[in-house]
Amino acid sequence: MVSIGFDRDRIRGTWAVRLAAAILVMTTAIGCASPGAVAPSPTPVASATEAPSASAAEPSPSEAAAPSCGTDPVVLNAYFETGFDIPFKLAEEFTKQFPNVTWDIKQDQFTNLMTATPRLLSGDNPPDLIRLPSMVSLVADGLLKNLDEYATAFGWDEWSAAQLAQNRVAEDGTRGSGSLYAMGLNYSMTGVFYNKELATQIGMTAPPTTVAEFEGLLAKAKDAGLQPIMQWNATASGGGLAFPLQNLMAAYGPTEPINDWIFQKPGATIDTPSNLTAAEHLQQWIEAGYFPEDANAIEYTDANARFGQGEGVFMFNGDWQNATYDKDLPGNVGFFVFPSAEADGKLAAMSAPLTYGIATNAKNADCAAFFFNWVATDETARQINVDIGGSNPGGPTDLPIPSAAEGSVTNETLAAGNEVAKDNGGMDFIANATGSIFAQGWTPELQKMVGGRQDAAGLLKAVQAEYEKELNR
Amino acid sequence: MIEAAGKAGPAPAIARSQAPAADRRTARRILPNRGIRRQTIVGWLFVIPALLMYLVFVIQPLFLTVQYSLYRWDGVGPATWVGLANYVTVLSEPRLLETLFNAFRLVLFFSLVPVGLGLVTASVIQRVATGRLGTISRTILFLPQVIPLVAAGIIWGRLLSLPGLVNQGLSAIGLSDVTRAWLGDFDTALPAVGIIGIWVLLGFCTVLLLTGMTKIERALYESARLDGAGWFQEFKAITVPSLRHEIGVCLTVTVIAALAAFDIVYVSTGGGPGGATAVPGIQIYILAFLERQVGIASALAVVLVFLVLAVILPIQRLSRDTAR
Amino acid sequence: MKVARQELYAGRALLLALCAITILPFVSIFTTALHPSGAVPGGLSWPAEPQWGNFVEAFNVANMRALLTSSVFIVLAVVPVSLVISTMAGFAIGLLRIPGAKYLLLLFIFGLTLPFEGIITPLYFLARQIGILNSRLAIVLPLIGLFMPFAVYWMRAHFVNMPSEVSEAAKVDGASTWDLFWRIHVPLARAPIASLGILMSVWAWNQFLLALVLVEDPTQRTMAGALGAFQGHYATDIPLLCAGTILILLPTLIVFILFQRQVIAALLQGSVKG
């Protein structure tokens, strides 16, 4: 911090006025030039409307050989998120198999990455591979490479369409269709993890089949003096209560409107009657004390640590945590998909690709694309994905999904993934709807709800208002 | 090394305020009339490197901030002129306005408490702990000033958490009903951040005020004691008025720390929960780099600069002690 | 000065209480750092088996070798240059009394009140324009600029109080302005220069916001900027976070304890001097 000692004899009141006047005069003079003209424009970039058609218009090179990393030494410039081992392990294995490719990996926290990504992509050394928190505005500014030609070359088009849908952006800026701008390293599955020991203690013999049944279990846990749900909701990690909220939304209503809202389809709204019911249930859970009372101060890592130490019967999280859960609660952690409102209702869950993109001006785009393909098709890579990432590697439907270790909760999450796929219940995360809806919408409103300062209706209205504000910019 | 440890009273002060005039006269003798122009050029050459760095990396960006504040720009594409619209937004949108209020609330913690408590502490050291204990206390109290603010934020983040030391202490003295996650509770988050600020800044104020106190003439205290004045009366009548200048410096430094707070808040609460600790510094960062609203971010920054000036200048005025 | 016994005890008690409150947080973090990885210990609890290895692990996890190098580089690049140019400027303004000195000083003093947030956004774009973004220069150059207000004010305050006889004698001997500066006054100013140097080193080391925004590779930031690595990495590791925090604040703490008199005097002299 800067310390100041003032020479009191020198400070006169009028000097500030003089200085301020000088500033005003000079700024009006400067004010004429637009900062857009003064500031550097990003290195040659196609505008949003051009990007998709430009690539499509290019004659596709006769694909005798699909893009690869070649044989010359290549250094892939990559940006990963801290706290997740999977891309690091995949990179290691990739170099083992293709020794001419080495990695220059930088890592940063998710929250820092969210603010840094636009700068990184438009900078002088754009990454070949970068974890993408959200895509649409990046595509609009022409910062992400269009992957359509790679999709054709590698045959990604033949994979299950649902897999790639979340990474497509149409020309009008909506997601879910259009050109491909990112790929997933794997496809995660989310739901409810539970501590088997504690669950037995409250008399849970099988995963609940209705929301009401689940709520009954929560009440039993509370009565038994246990912490029913362990969840994070601190600002730095983002509001973890969005997970149960979205699960409730999908339990009380269809998933399409939710996905439409996330994909920014015109006219989509999150403030619907069924979502209101869902939010009201969440509010009841908060008021009944099912969440930790200090949830607003619990960060993601803290929540996992506490759950791993036996605090909390249930936790809403994703399969990327499987490895840690298996380590902390070996043989003692189970998983089930959040049930629907009715016993035979459709199952739904958030399932998103671990999205990575390639900068428009990346130097080694071909090699990065080849890496994407390799991750999904190579046997070792797929096994790594399952063992360390705990997730479904995706890829061609005819390739078998590797099995996880005996007793690992990954077996349960993979199986659950199949069930949800059958019901076509995959959703993206409501936190991903826009670049800042999580930090400026969901998180503060959910925190207010935990603090008793926001109710269900207000929550949805506030988030919808923030959503519209951002879309109208 | 502390200057004027022995000096006290009005005489040297008056000499000091006359010094500039004397220097001016002697200064002319330093620059011989003949080579004045060359000396001037040389003199300015001495200044130019520092001035250049300052102009390029501080003043120029300041003007640019003002410029950006008049546009709507996402930092990547073209910019659109919007005139003063961003300022209207800053001063009318509740979320942004709230950051300014939070900044002032922090001033209560960062400024008033360290100055007040610092005065008390310094006078305590002055009176009862002039020896070893005093020196050690001074060093210890100053420690928080030296560590990175982010470290302070992380340390207190753990202390103020539910299983943290603060709650442990409260439970130990029987106040376990009050325990909570201080940084996660809407009502206590900002005061909790304030406490971190007090911890960081108290040492600075204490040591500064202590230094000032050593210059106060003993005779004043002794005559007051002869008149039967107690500690508090001495404090009020002699100590505080004599320390006007030092108090002014304390207030200035701490007010700037409060209004411009970033590191501590970013690391301990991130501006949450629900915006309860959103301060202008954090909001500028979020607006500029997360929401990519460079124009509004810049407008908020300009407003912040003006606020700082608006608060500092009167403090400087008031802390000028003309008769010492 | 006779002091009532009551007052003596009350005063000392207050002092001890404040010192304890100041030190306790450090102690708490230290004990937490010694807990086994993954634990969530309470405030003050000495673990059954202190894990001294946590410090080593924290060092490696946060890639502290790179960070130490980075921070040292930044300090070495910022401080000497700043010392030289600010001493020169302080000399010109305070001693030579060049015309316009008063306005120059005011210009610098204005910078003292400027919050970093007021200029961080354009600094980012400026750095990008000059092409130094994501390099340590992006921290070094703006930091030199940002230190100028305090440094110039500081050095000027010293030079203003230099008696004129010293310069007189030199002039009589036919010394040029540079000789006057370098041969005569700089050696005399050793103490304030040293103090200023220490102060700026500590500030540069602790710099966070600039590092966060202007350098994208976390390993090229300052030590303080590294703390983010802990907060995200290692899903269950609070002891490691605490160990890392201690490692990060250790350097400045040691510098302070070694140079405490100079540091404190340095900070206060500027305020005390008329």
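A residue counts as buried if 20 or more other C-beta atoms lie within 10 Å of its own, as exposed if 12 or fewer do, and as partly exposed in between, with C-beta atoms placed from the backbone. By that rule, 59% of the 274 residues in chain C are buried. This is a predicted model, in which local features need pLDDT of at least 70 and side-chain atom pairs count only at pLDDT 80 or more, while totals for chains, interfaces and linings use all residues. Residues are numbered from 1 along each chain as its sequence is written, and chains are lettered from A and ligands numbered from 1 in the order in which they are written.

Chain C has 13 helices and 0 strands; helices (H or I, at least four residues) and strands (E, at least two) are DSSP runs, numbered from the N terminus. Two residues are in contact if their C-beta atoms, placed from the backbone, lie within 7 Å. Of the contacts in chain C with a separation of 6 or more, 75% are between residues 24 or more positions apart.

One pair of helices in chain C can be followed in detail. Helix α4 (residues 101-112) of chain C packs against helix α6 (residues 137-160) of chain C at an angle of about 130°, and their axes are 7 Å apart. Axes here are lines fitted to C-alpha atoms, for helices over the stretch in contact, and angles run from 0 to 180 degrees between N-to-C directions. The angle makes α4(C) oblique to α6(C), since angles under 35 degrees count as roughly parallel, over 145 as roughly antiparallel, 65 to 115 as roughly perpendicular and the rest as oblique. On the side of α4(C), the contact is made by C:Leu105, C:Phe108, C:Ile109, C:Gly111 and C:Leu112. From α6(C) come C:Met148, C:Pro149, C:Phe150, C:Val152, C:Tyr153 and C:Arg156. These residues divide into 9 nonpolar, 1 polar and 1 charged. In this division Ala, Val, Leu, Ile, Met, Phe, Trp, Tyr, Cys and Pro count as nonpolar, Asp, Glu, Lys and Arg as charged, and the others, Gly among them, as polar.

Chain B has 14 helices and 2 strands, and 53% of its 324 residues count as buried. Where chains B and C meet, 88 residues of chain B are in contact with 84 residues of chain C. Helix α2 (residues 36-68) of chain B gives the most to the side of chain B that touches chain C, with 20 residues. That side of chain B consists of 65 nonpolar, 14 polar and 9 charged residues.

C:Leu253 is one residue of chain C that touches chain B. It lies in helix α12 (residues 238-258) of chain C. Leaving aside its neighbours within four places in sequence, C:Leu253 is in contact with B:Val146 and B:Ile147. C:Leu253 is partly exposed, because 17 other C-beta atoms lie within 10 Å.

Chain A includes an open sheet of 3 strands in the order β8-β7-β9, with antiparallel pairing. Two strands pair if DSSP finds at least two bridges between them. The edge strands, each pairing on one side only, are β8 (314-318) and β9 (333-336) of chain A. The twist averages 35° from one strand to the next. Strand β7 (residues 190-195) of chain A is joined to β8(A) by 5 bridges, and the two run antiparallel. A:Thr190 has A:Gly318 as its bridge partner in β8(A). Helix α18 (residues 409-422) of chain A lies across β7 and β9 of chain A, running at about 5° to β9(A).
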